[in-house]
Amino acid sequence: MSEQTKSQFPTEMVDIPSKGKLYPKEHPLSSGKVEMRYMTAKEEDILTSRALIKKGTVITELIKSCLVDKRLDVDDMISGDRNALMTSIRITGYGSDYQAECECPACGEKGKGDFSLLELPMKELEIEPVAEGANLFEFMLPLTKKKVHFKFLTGKDETEIQTIMERRKKQGWSADSLVTTRLQHSIVAVDNIKDRNKVNTFIKNMPARDSLALRKYIDRNEPGVEMKSW
């Protein structure tokens, strides 16, 4: 595509919730901003592709198609950054108005609600990684006092988890192992031990109190777009 043709497509700079802190200095995402092309009919084809829907790669392909810098690997982005880009694509494609079914927290009654995607708050990264430009954080488990190094899940991690869960469902697994599966993809090391067999064994036997504390800490600090309205 010629430079003249490229210039005919409107673009915008999108701030990502991680502020670029989780990517190396030489990485294009380290600036904390991503240039995105407006959604077109081409992207609508992606949204309705049965093949991509079946594979579960619609979101990845949609973001990839709208990226101006094709060096970026969508699968390496953390989920919160991907969600911010998806929100931007939705706004440029169909506008900021969004209707969704919601439930009253007081009475439990359900109804339709109109929301503006432009008003969704962005939860930026507040905690510091253990090393500059690394998606790696530290947390001390309250009960076992083990030091855990964890990462925020990426697009690749989310796809792998989805594949694992679907495979187990087809195999007739009755137990829901989503908690341990997600922890196995999040936890990188326990007391500096990185051996996957040992780490996975610890996760399966982790006290519920430690598991809950870690998951709450990750959820509280994971950068992203707050998909809720009060």
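This is a predicted model: local features need pLDDT of at least 70, side-chain atom pairs count only at pLDDT 80 or more; totals for chains, interfaces and linings use all residues.
Student: What percentage of the residues in the protein chain is buried?

Tutor: A residue counts as buried when its relative accessible area is under 20%. The protein chain has 230 residues, and the buried share of them is 37%.

Student: Among contacts between residues at least 6 apart in sequence, what percentage joins residues at least 24 apart?

Tutor: The contacts in question are pairs of residues with heavy atoms within 4.5 Å. Of those in the protein chain between residues at least 6 apart, the part that joins residues at least 24 apart is 58%.

Student: What distance separates the end C-alpha atoms of α5, and what span should its residues give?

Tutor: Helix α5 covers residues 79–94. At 1.5 Å a residue, its 16 residues should span 22 Å, and this agrees with the separation of its end C-alpha atoms, which is 22 Å.

Student: Which elements are included in what covers the buried residues of α5?

Tutor: The buried residues of α5 include S79, G80, L85, I89 and T92. Just after this helix, G95 takes a positive phi of about 95°. The cover over the buried residues of α5 includes β1 (11–15), β2 (33–37), α4 (58–66), α6 (155–170) and β9 (224–225).

Student: Which residues does T92 touch, not counting those up to four places away in sequence?

Tutor: T92 belongs to helix α5 and is buried there. A polar atom of its side chain lies 3.1 Å from the backbone oxygen of I89. Beyond four places in sequence, the residues touched by T92 are E12, Y38 and M39.

Student: Within what arc do the buried residues of α8 fall, seen down its axis?

Tutor: In helix α8 (residues 196–204), the buried residues are V199, F202 and I203. Viewed down the axis, they line one face of the helix, because they fall within an arc of 100°.

Student: Which residues are exposed on the other side of α8?

Tutor: The buried residues of α8 pack against α7 (178–186) and β8 (187–190). On the other side of this helix, the exposed residues are N197, K198 and K204.

Student: Which residue caps the N-terminal end of α8?

Tutor: The cap places a side-chain oxygen 3.2 Å from the backbone nitrogen of N197. The residue that supplies this oxygen is D195.

Student: Is E132 buried or exposed?

Tutor: E132 forms a salt bridge with K25 through their side chains, at 3.7 Å from N to O. This pair links the loop between β5 and β6, which holds E132, to the loop between β1 and β2, which holds K25. K25 has a relative accessibility of 65%. At 67% relative accessibility, E132 counts as exposed.

Student: Which residue forms a salt bridge with E43?

Tutor: E43 is placed in helix α2 (residues 41–47) and has a relative accessible area of 0%. Its contacts beyond four places in sequence are R37, Y38, L62, S65 and C66. The salt bridge brings the closest N and O atoms to 2.9 Å, and the partner of E43 is R37.

Student: With which residues is M36 in contact, leaving aside neighbours within four places in sequence?

Tutor: Beyond four places in sequence, M36 is in contact with P10, T11, E12, V14, I63, C66, L67, V68, L85 and I89.

Key
Residues are numbered from 1 along each chain as its sequence is written. Side-chain values use heavy atoms; hydrogens and water are left out. Helices (H or I, at least four residues) and strands (E, at least two) are DSSP runs, numbered from the N terminus. A polar contact is a pair of N or O atoms within 3.5 Å; within protein, one must be able to donate a hydrogen and the other to accept it, and residues adjacent in sequence count only if both atoms are side-chain atoms. Buried means under 20% relative accessible area, exposed over 50%, partly exposed in between (1.4 Å probe, protein chains only). The arc is that of the directions from the helix axis to the C-beta atoms. The expected span of a helix is 1.5 Å times one less than its number of residues. A salt bridge is a side-chain nitrogen of Lys or Arg within 4 Å of a carboxyl oxygen of Asp or Glu.
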